[in-house]
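The following note sets out points for a colleague reading this model.

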Amino acid sequence: MQKAVTKIVIVGGGTAGWITAGLIAAEHNADHGRLSPSPKLDITLIESPDVPTIGVGEGTWPSMRSTLQKIGIDETTFLLQCDASFKQGSRFIDWQVAANNMPNGQHSYLHPFSLPIGEPQFAIAPFWLPHKAQVSFVDAVCQQNQISQLALAPKQISTPQYSFINNYGYHLNAGKFSQLLQQHCTDNLAVKHILDHVTDIVLVDETTQTDVPKGDISHVLTQQHGQIHADLFIDCSGVKSLLLGEKLAVPFISQKHVLFNDSALAIQVPYSDDNSPIASCTHSTAQTHGWIWDIGLPTRRGIGHVYSSSHTNDEQALQQLMAYLKPDLGIKAADISPRKLNIAPGHHQVCWKNNCVAIGMAAGFIEPLEASALALVEWTAKAVASQLPPTRDTMDTIAKRVNQQFQQHWQQIIEFLKLHYVISKRSDSDYWHDHRAANSIPDSLLEQLALWRHQAPSQHDFIYREMLFPAASYQFVLYGMQFDTQPQVQLKPSMKQQAQQLFTENNQRASRLSQLLPTNRALLEKLKLNSFSKI
Amino acid sequence: MTQHVLLNSVEHKDLKVITDRSAKYGDNLWYTVTFPLEFRSVQAHYPIFFHKDTATGQFYAVALFGFKNEDNLFLTDKGWDASYVPLTLRRQPFLIGKQMVREDGIEQEQHVIHIDLDHPRVNKNHGEAVFHAFGGNTDYLDEVGDMLAAIHQGLNDSQAFIDVLLEHELLESFTLDIELDNGEKHQMIGFYTINEEKLNMLDGTVLTKLHQQGYLQAIYMSMASQSNVRDLLDRKNAQHKKR
C-alpha cells in the first residue's frame, strides 16, 4: 500500500491518450521543456496498430494553448503541422427560429472566447440590459463578433506565441495532431510507445497479492509484449472504455433523455479555391432534428450533421446535410458519402476507480455543441498530472476529489448544452418541442432560468470553483438568443459611468482591430516564412 | 510615393542629393534600425533597444531618437545635433538592390545601388553630385557604396546576433514610463531590452562563444546605451521650456 506510484500505463492513442501522456510527462519528468536526467515516472502508451482514431474532435478551447505550452510544443510548429487555424468562438445560426420564419434572413449569434470587457473585475451585463434594443450584447462588450465576421485572426505576427489580442483556441486536423503529440512525447519527453493489441485486463489476484487493494488492475495482457504492469492505468480506449467501463464495470449514465442527439454524419469538404477565407469560429447551424457543424481548417472544411435518431432517420439527415453543402459544392454535393458515427450521449458515474482513470470518450461523450470533448480531456489529464497520488494508499483520496469535480463538470456541460435548446423558439418539429418539455430539463437549470429572468447570470450562480463555462458564456448564449432579463431599476450612477466608458472603449477597440488584424489565411501564410517569437 | 530604380551614370548623371538633416527630407523619425557593427558609435548618443517588425514579427535593434512617432529630439533648425547619424538613416535616398548576373555561366546574385527618385533629397540643383560631369563616381557615391555594403553586412550579422539572444532568452519586453518636468507622461510599449538576470546566469561556455562572436560586447554596449534615455529626457524638457 505504501508503494510509490512510479509506473503509468495509458491504454489507447488518439488525442486523449497523447495529450494525457504529454501533460503527465511534462509535469513530472521535465523542467521548462527539458527532460530530467532521471525521470520520476515511467510512462508507457499502448496503442492498437490498426484501430483507427475517430478523428472528429477538431475544435478546441483556449485552454489548448496552455496545454500545448505546458507540453512544450512550439506554436508555429503546431499550427503548420496540424493544419490548424485560430478559433475565436462558436457562431450559432438559425437556433432561435428557423430561417424560413425570419423576415430578415438568418438569425445568428456568437459565443466568443473573450470575456466581456471589464470582466472579471467588473460585471458589465446588468448595464447593457437597458440598451438591448440598440446594440447586441456581444457587440457591446466584445470585439470578436466583428472580427470573426471578417475572418480575421486573433493576433498579429508580432504577437508572441500563445499570447493573444483576442482570446482563441484552435481548429485542427485531429489525426495530424495525434501524430505531432506522439512524436513530441516519444522524442522529447521519453514516453514509451508500444504498438500492440491489448487482449485482456487482469485484476489483482487477492490470494497472492495481499498488499494491493481488491479490484485493482494488476496488468494488461498484450499480444506481442506479454504482461504490462503499472501502478496507475489510464483508460483512453475511446467509447469501448475497456478498463473503466468493461473491466471495472463503472455504470454508464445515459443523458439521452436530456440531450437527444445520438447520431452524426461527418464529411470533409475542399475549399472552392485556395484563397477562400478561413472562418474564425465554428459554425453551428440548427436543423429540424439536430444541427450541422462547420469547421474551417486552412486546407479543408470539416462538416457534420448531428441529430436524434428518435426524431429523424439517416436518409433525411443526409438530405439536410447535402442541402447545407449544395451552395458551396453545387452538383458535386450528390457525390459525397459521409461517415456515420453513433454517439451514446452520457458519461460514466466516476472517471477514477481504484487504480484506473478514464480520460476522453472512455469517460463519456456528448454532442460537440460547445466542443467540450478536448477541453474535458485537458482538464482530466491536468488534474491527474497535478494531483498525482504519491502512493497507492493516498490514491483513493485524490480519486474522490477528481470524481467530484468530474461529476460537476458533466452536470454543467449537460445543463449548458441543454440551455441552447431550451431557450430556442423553433417550432418546426417535435424535436424542438421535446427539448422544451419540462421533464427533459434538469431541475437546477429550470431554477436558474427563473432567476435569470430577473438578473443576469453571475459568478454567484456557480458554487464550485474551476467551472468549465464561466457566467459570461451563459450571458452570451442567453442574450444571443434574445432571452429577456428584467433590467434592474436602480443602478449606481458611478458604475453606470464606468460601464459607459467600457462600452466606448470596446467600440474603439473593435474598429481599430478590424483595421489592424490580418485575416486568418494571411497570418497562417506568414507563419510559413516567420514564426511567432517566444516573447 | 517611392520610385526605386537602378542607379546608372547615363540617366542619372545630373542628379544631386541633399545631405542636410531636416524633417522635410524625411528625418523626423523617432527611431531607426541599427546593428551591432555600429553599436559603438550609436551607443555614444542614443539608447539602443529591440523592436519587432510588424510585418514579419522578427526582432531588430533600434536607435531611439524620441519618445513618440514624429518626435526626433536630435533634429534642430541647424541640422542634426549629434556627431554620429546611424547608417540606415544616412543612406537615404539610396538602397541596396539585388541583381542576378551570369558569370562564367553561373547565376550569381550581385548587389547594386538603387535610388528612390521620388525622395525629397533628390534633385538637380542642390547638394552632392552623384556622378562627375564626364562620368565616373564622385567620392560621395563611393561613400554611399561603402555605407550600403556596411548596412548589408551589418543587418546579416544582426540577424545572427538576434538569433543568439533569443536562443539564450536574453531579450525581455519592458515598458518605459517617462515623466517630464511639466508633468506630461509618456508610456512606451513594444520595446525589448537585454534580460540582465538571464545574462548573469549564463555559463562560461556560452559566454566564451558570445565573446568570440563579438556579441558580448554588443550586449553590454546596448545595456550601457540605456543611460542615453536621460539625455533624451533632458532634450525633451528643454524643448518644452523653449515653447
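**Notes on the model**

1. Buried residues make up 27% of the 243 residues in chain B; a residue is buried if 20 or more other C-beta atoms, placed from the backbone, lie within 10 Å of its own, exposed if 12 or fewer, and partly exposed in between. In chain A, 47% of the 535 residues count as buried.

2. This is a predicted model, in which local features need pLDDT of at least 70 and side-chain atom pairs count only at pLDDT 80 or more, while totals for chains, interfaces and linings use all residues. Residues are numbered from 1 along each chain as its sequence is written, and chains are lettered from A and ligands numbered from 1 in the order in which they are written.

3. Chain A contains 16 helices and 23 strands, and chain B contains seven helices and 13 strands. Helices (H or I, at least four residues) and strands (E, at least two) are DSSP runs, numbered from the N terminus.

4. The C-alpha atoms of chain A occupy a box of roughly 75 × 60 × 55 Å along the principal axes. Its radius of gyration is 24 Å, which agrees with the value near 24 Å for a compact globule of 535 residues; the radius is taken over C-alpha atoms, and the globule rule is 2.2 Å times the number of residues to the power 0.38. For chain B, the corresponding box is roughly 60 × 55 × 30 Å.

5. Of the contacts in chain A with a separation of 6 or more, 77% join residues 24 or more positions apart. In chain B, 71% of contacts between residues at least 6 apart in sequence join residues at least 24 apart. Two residues are in contact if their C-beta atoms, placed from the backbone, lie within 7 Å.

6. Chain B has an open, antiparallel sheet of five strands in the order β3-β5-β4-β13-β12. Strands β3 (31-34) and β12 (171-179) of chain B stand at the edges with a single partner each, so one side of each lacks a neighbour in the sheet. Strands pair if DSSP finds at least two bridges between them.

7. Within this sheet, β4 (residues 48-52) and β5 (residues 59-64) of chain B pair in the antiparallel sense over five bridges. B:H51 stands opposite B:Y60 in β5(B).

8. Which parts of chain B touch chain A? In total, 11 residues of chain B are in contact with seven residues of chain A, and β12(B) supplies the largest share of the chain B side, three residues.
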